[in-house]
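Keep the sequence and the 3D view side by side as you read.

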Amino acid sequence: MSAVASRRRGREQLDSPARPVAAGPVKKGWRWLPFDPWHLALAPATLLLAAPLLWMLLASFMSAQQLYKFPPTIIPGSLHLDGYRFLFEDTEISTWFLNSLIVSSVCVVANVLFCSMAGYAFARMRFRGSGITLGIMLATMVIPFQLTLIPTFIIFEHLGMIDTLWSLIVPSLVTPFGVFLLRQFFLSLPPELEEAAYMDGCSRWKILWTIVLPLARPALATVAVVTFLLTWNDVSWPAIAISSEAHNTLPLGVASFRSRSEQNPSAIMAANVIATLPVLLAFLAAQKTFVRSIASGAVKG
Amino acid sequence: MGAIHLNGVSKVYEGGVVAVDDVSLEVRDGEFMVLVGPSGCGKSTLLRMIAGLERVSGGQVVIGDTDVTHVAPPDRDIAMVFQNYALYPHKTVRENLAFGLKQRKAPKALIEERVADAARMLGLEEMLQRKPSQLSGGQRQRVAIGRAMVREPSAFLLDEPLSNLDAKLRTTMRGELARLHERLGITTVYVTHDQVEAMTLGTRVAVLRGGVVQQCASPQELYRRPRNLFVAAFIGSPAMNLVEARIEGGCVRFAGLAIPLADGSPLRGAARDVILGVRPAAFTADGPRADEALPRIEVVPDLVEHLGDEVHVSFGLDATPVQGDAVLAAEEDVHATRLLVEDAPRARFVAVLDGRTAPVAKQPMSLRVDNEQLYFFDPASGEALGLAAEPSEQPAAA
Ligand SMILES: Nc1ncnc2c1ncn2[C@@H]1O[C@H](COP(=O)(O)OP(=O)(O)OP(=O)(O)O)[C@@H](O)[C@H]1O
Ligand SMILES: [Mg+2]
C-alpha cells in the first residue's frame with residue numbers, strides 16, 4: 001500500500017479516536033481538529049454559495065420596513081407572512097405553479113421515455129442512415145435558440161398551439177442532449193448482458209425494460225433533472241409563446257409581477273422561494289439516486 | 001438430440017475480414033468439444049454463430065435434427081456462458097438463475113425446484129439473496145454456469161469462462177466443470193485459448209487457426225499425432241522443439257548430430273529436408289536408469305528450472321530454428337517470452353527431465369532421445385510426414 005493511500009486512510013479516520021499511527025507526518029499539526037482540514041476551505045465556499053439562497057429565504061419572511069432598514073438586519077426580530085399572503089391573495093401564483101408543474105413533469109416523463117428509446121436505438125441497433133441521423137440530431141444542439149425562435153413560433157401558430165401549455169410542452173418532449181447522453185451510457189454497458197437476456201428469451205423491448213433501463217438509473221436521473229431544470233427555469237420561450245395570464249408559468253408570472261410590485265420586496269422574495277424550492281427538491285432527490293447507484297457498483301460485470 | 005453439426009460455416013465481417021472460413025465440425029450428443037487456438041483465430045465468432053448471436057455468412061448450423069441457421073437464439077434451446085459472466089447486476093443471484101425460465105413462462109414450482117437444484121450443485125445456497133457485486137470471481141462464475149444449467153438446454157456454449165479467474169481457482173473450476181459435464185451429460189462447446197484447459201477438458205479438441213480447423217481429434221491424438229506444424233507447435237507445454245533437419249541414410253541430421261530413425265519409421269529410406277519436432281518429454285537424462293538402446297546427445301544446458309517433479313533444461317543447438325508463420329502463430333501467447341531473448345539464429349531446445357536428476361547450468365551433460373517420439377514435417381507445407389495411414393478423426397475411446 002502506498003504512502004498516499006495510507007495517508008488518505010488516515011485522513012478519513014481523523015475524527016475517530018483510534019487513529020493508526022501511520023497517518024502521514026504532514027497531517028500531524030492538524031490532528032487536534034475534530035474534522036478534516038479540507039473543511040476549513042470548503043465550508044466558507046459553501047457558505048458563499050448558500051448565502052443568496054439563505055438571504056432569499058430570510059427576506060421572504062421580513063416586512064418591507066425590516067428590509068429597508070440600515071444597517072440591514074441579518075436575523076429578523078419577528079417573522080412576517082405578508083409577502084406570502086400577498087402572493088396567494090392578490091396574484092394567480094397557484095395557477096402559475098400548477099402550469100409549471102404540468103409542463104415540467106410531462107417533459108421529464110417524455111424525455112426519460114423517448115430519449116431512452118432513441119438513445120438505445122442509436123447505441124445498439126443498426127439501421128440505414130443511423131450515423132447520419134445521429135449527426136444531424138447532434139448538430140441541432142449548436143444552433144442557438146434565438147435562431148429557431150421565429151420558425152418555431154410560426155409553426156406553433158399554424159398548429160394553433162400558441163398561448164396554450166402545449167406550445168411549452170411539445171418542443172421539449174425529446175432533447176438531443178438526452179438522447180446523446182443516454183446513447184453514450186448504453187454504449188458503456190457490456191453488450192453481453194443484453195445478449196444473455198436475448199438468449200434467455202427476452203425481446204428487444206423487454207431487454208430495454210428489464211435489463212438496460214434499471215441499470216441506466218443514474219443516467220436517467222441526470223436526464224430527468226436536467227430536463228426539469230431547463231423547463232422549469234425557462235423564461236424566454238414562454239414569454240413569447242404565452243400571452244394570457246392564466247397560462248403563465250411560474251418564472252414568467254413572477255417576472256411579470258415583479259415589474260409591477262416594486263413596493264413589495266418580501267413578496268418578490270417569497271415568489272422566488274416558491275420557484276426555487278421544487279428545483280432544490282428535484283436536485284436532492286436525484287442526488288440520492290446518483291450516490292446509490294455509485295455505491296452499488298451496478299455496472300460491474 | 002443435442003448434437004451440433006456445422007456444415008461449411010463461414011463468417012465474413014463487414015470490411016472483408018474472414019473470421020471463420022468454411023468450417024465443418026460435428027459435435028456429438030453429450031460430447032465436450034473444445035475450440036482452441038491463438039487470439040483472433042475465430043473461436044468466439046464460431047461459438048456465437050452456433051448461439052445465433054452472429055449471422056452466418058455461408059453454410060449451415062444444425063442442432064439436433066433441425067437446421068437452425070436462420071433461427072433466433074432463444075429458439076435454439078442452447079445456453080451460453082460469457083467470458084465476463086454477464087450477470088444481471090441489479091438482480092439477486094436467485095433472480096439471475098430464475099430469469100431464463102421466467103421469460104419462458106415456466107411454472108413457479110418448476111423454477112423454484114430447478115434454482116434450488118442448481119444452487120445446491122454449485123454451492124450457491126448461501127448467497128441466493130446477494131447481488132453479483134457481492135460475490136467473488138469464482139462465485140460469479142458459478143452463478144453464470146448455474147444460469148445456463150437451470151434451463152436444461154440441449155447444449156452449453158462457453159466462451160473462455162475461466163479466463164478472468166486466477167490460476168489456482170482456474171484449476172479448481174476446471175475440475176468442477178469436468179465433473180459437472182460428466183454428471184449432466186449435456187453437449188458442450190467450450191472456447192479457450194489455453195491449450196492446457198483444452199487438453200484436460202475436451203472429449204475432442206478442434207484446433208483453429210485463421211478461421212480454419214487445423215485438426216479435430218481427441219487430446220491424446222492431437223498430442224501424439226499432430227497433423228501439421230501448427231498443431232504440433234500449439235499443443236503441448238513446454239512446446240515441441242522444432243528444428244530444420246535432413247533425413248539421409250536412415251538418420252535425421254541436424255546441428256552436427258545424427259539420430260537414427262526408429263525401426264518402423266516410413267521415412268527410413270527417404271533423403272530429404274524436413275522439420276524435425278521433438279517433444280521435451282522425449283528426452284531423458286543419461287545415467288544408470290537410461291535406456292541404452294536410445295541415441296545419445298551431448299549438450300550444455302544454459303538454463304535449468306527445477307519445478308519439483310520435473311526439471312526443465314534448455315540448451316542451444318547450432319541449427320536453424322524454425323520460424324515459419326505456423327510456428328510463430330502458435331507461439332504467440334505461450335512462448336513469446338522465449339523469443340525475446342533469442343539472439344543468434346540458434347535453435348533452442350527444452351528438455352523435461354525427471355525431477356531426481358540434478359543437471360547444472362553450463363555443465364555438459366548427455367541426454368537420451370526417444371527416437372520413437374520424433375515428428376517430421378514438410379518444410380514447405382508444414383504437413384506431417386510419415387504419419388501411419390490411420391484414420392485420425394476416430395471417436396474418443398470413451
Ligand atoms: N464485429 C467485428 N467486425 C469485424 N471484424 C471482427 C468483428 N469481430 C471479430 N472480428 C475479427 O474476426 C476475427 C476473429 O475474432 P474472434 O473474436 O472470433 O477471435 P477469438 O478467436 O475469439 O480471439 P480471442 O481469443 O482473442 O477472443 C478477428 O480477426 C477479429 O478481428
Ligand atoms: Mg474470443
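How many nonpolar, polar and charged residues does the shell around ligand 1 have? It has four nonpolar, five polar and two charged residues. Here Ala, Val, Leu, Ile, Met, Phe, Trp, Tyr, Cys and Pro count as nonpolar, Asp, Glu, Lys and Arg as charged, and the others, Gly among them, as polar.

Some ground rules come next. This is a predicted model, in which local features need pLDDT of at least 70 and side-chain atom pairs count only at pLDDT 80 or more, while totals for chains, interfaces and linings use all residues. Residues are numbered from 1 along each chain as its sequence is written, chains are lettered from A and ligands numbered from 1 in the order in which they are written, and side-chain values use heavy atoms, with hydrogens and water left out.

Now the shell itself. Ligand 1 is surrounded by residues of chain B, including B:Tyr13, B:Val17, B:Ala19 and B:Glu160. The run B:Ser39, B:Gly40, B:Cys41, B:Gly42, B:Lys43, B:Ser44 and B:Thr45 is also there. A residue is near the ligand if one of its heavy atoms lies within 4 Å of it. Helix α1 (residues 43–51) of chain B gives the largest share of this shell, three residues. Helices (H or I, at least four residues) and strands (E, at least two) are DSSP runs, numbered from the N terminus.

A backbone N or O atom of B:Gly40 is 2.8 Å from an oxygen atom of ligand 1. A polar backbone atom of B:Gly42 lies 3.0 Å from a ligand 1 oxygen. For B:Ser44, a side-chain N or O atom sits 2.5 Å from an oxygen atom of ligand 1. On its own, ligand 1 has 640 Å² of accessible area (Shrake-Rupley method, 1.4 Å probe; for residues, only the protein chains shown count as cover). The protein covers 60% of that area.

Turn to the interface. In chain B, 26 residues are in contact (heavy atoms within 4.5 Å) with 22 residues of chain A. The area buried between the two chains is about 2100 Å², and carbon and sulfur atoms give 58% of it. Buried area is the accessible area (1.4 Å probe) that two parts lose on being put together, summed over both. B:Pro89, B:His90 and B:Gln103 supply 24% of the area that chain B buries against chain A, more than any other three residues.

Side chains of opposite charge can pair when their charged atoms come close. There are three salt bridges between chain B and chain A (a side-chain nitrogen of Lys or Arg within 4 Å of a carboxyl oxygen of Asp or Glu). In one salt bridge, A:Asp200 pairs with B:Arg151, with the closest N and O atoms 3.2 Å apart.

Within chain A, A:Asp82 and A:Arg85 form a salt bridge at 3.3 Å, N to O. They are about one helical turn apart, because they lie three residues apart in helix α4 (residues 82–90) of chain A.

Last, look at the backbone of chain B. A cis peptide bond joins B:Ser237 and B:Pro238, with omega about -5 degrees.

Definitions and conventions: A polar contact is a pair of N or O atoms within 3.5 Å; within protein, one must be able to donate a hydrogen and the other to accept it, and residues adjacent in sequence count only if both atoms are side-chain atoms.
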